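Open the model in your viewer and keep the selection panel at hand. This tour goes stop by stop, with something to select at each one.

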Amino acid sequence: MEPAPCDGMPNDVLVVEDDPIIALDFEDTLLGFGVKTVRTAANVAKALELIALRPPEFALLDVSLIREKSFAVAERLDALKIPFAFVTGYGPDSIVSAFSHAPVLQKPIEAAKLHALLQQIVR
């Protein structure tokens, strides 16, 4: 795994988001922060496939995907000791207790909060 760039941003971020417009917004925001690669997955199967191909340095997980939750992705990331954060429009109560250690960002996400979180996690 390559070290994070000196500005404290990860090189490779996985975004798990089923809404393509929101996923593009996350991608644009992350690239604007200096993240080199943003990969997106709209469902759990694709996210797990991308993790297997190349584990990210950080992941942003929408809790509620179409007909599924992203908790299986969180389990895999935890097993690999990869930091992640949940994003949700339903509040922190939508997160199962097994992941109470993970940061939760409320939708719509403020770019400044996401930037601060990335800097905090990657250091």
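Helices here are DSSP runs of H or I with at least four residues, strands are E runs of at least two, and both are numbered from the N terminus. Keep in mind that this is a predicted model.

Stop 1: Select Lys 81. Lys 81 sits in the loop between helix 3 and strand 6 (84-88). Check its backbone: phi is positive, about 60 degrees, although Lys 81 is not a glycine. Is Lys 81 buried or exposed? Its relative accessible area is 72%, so Lys 81 is exposed, the cut-off being over 50%.

**Stop 2: another positive phi.** Move to Arg 67, in the loop between strand 4 and strand 5. Phi of Arg 67 is near 60 degrees, a positive value in a residue other than glycine. Arg 67 has 83% relative accessibility and therefore counts as exposed.

**Stop 3: two helices.** Select residues 44-53, which form helix 2, and residues 71-79, which form helix 3. Two packed helices are described by the angle between their axes and the distance between the axes. Here the axes come within 9 Å and cross at roughly 15 degrees. That makes helix 2 roughly parallel to helix 3, because angles under 35 degrees count as such. The crossing of the two helices is right-handed.

Now show side chains. Helix 2 makes the contact with Val 44, Ala 47, Leu 48 and Ile 51. From helix 3 come Ala 72, Val 73, Arg 76 and Leu 77. By class, the contact of helix 2 with helix 3 has seven nonpolar residues, no polar ones and one charged one.

**Stop 4: down the axis of helix 2.** Keep helix 2 and look along its axis. Which residues of helix 2 are buried? They are Val 44, Ala 47, Leu 50 and Ile 51. Seen down the axis, the buried residues of helix 2 fall within an arc of 125 degrees, so they line one face of the helix. On the other side of helix 2, Ala 45, Ala 52 and Leu 53 are exposed.

Next, display what covers the buried residues. The cover includes strand 1 (12-16), strand 2 (37-41), strand 4 (64-65), strand 5 (68-69) and helix 3.

**Stop 5: a cis peptide bond.** Select Lys 107 and Pro 108. The peptide bond from Lys 107 to Pro 108 is cis, with omega near -5 degrees. Pro 108 belongs to the loop between strand 7 (104-106) and helix 4 (111-122).

Note on methods: Residues are numbered from 1 along each chain as its sequence is written. This is a predicted model: local features need pLDDT of at least 70, side-chain atom pairs count only at pLDDT 80 or more; totals for chains, interfaces and linings use all residues. Side-chain values use heavy atoms; hydrogens and water are left out. Axes are lines fitted to C-alpha atoms, for helices over the stretch in contact, and angles run from 0 to 180 degrees between N-to-C directions. Angles under 35 degrees count as roughly parallel, over 145 as roughly antiparallel, 65 to 115 as roughly perpendicular and the rest as oblique. A crossing is left-handed if the near helix is turned anticlockwise from the far one by less than a right angle, and right-handed if clockwise. Contact means heavy atoms within 4.5 Å. Ala, Val, Leu, Ile, Met, Phe, Trp, Tyr, Cys and Pro count as nonpolar, Asp, Glu, Lys and Arg as charged, and the others, Gly among them, as polar. Buried means under 20% relative accessible area, exposed over 50%, partly exposed in between (1.4 Å probe, protein chains only). The arc is that of the directions from the helix axis to the C-beta atoms.
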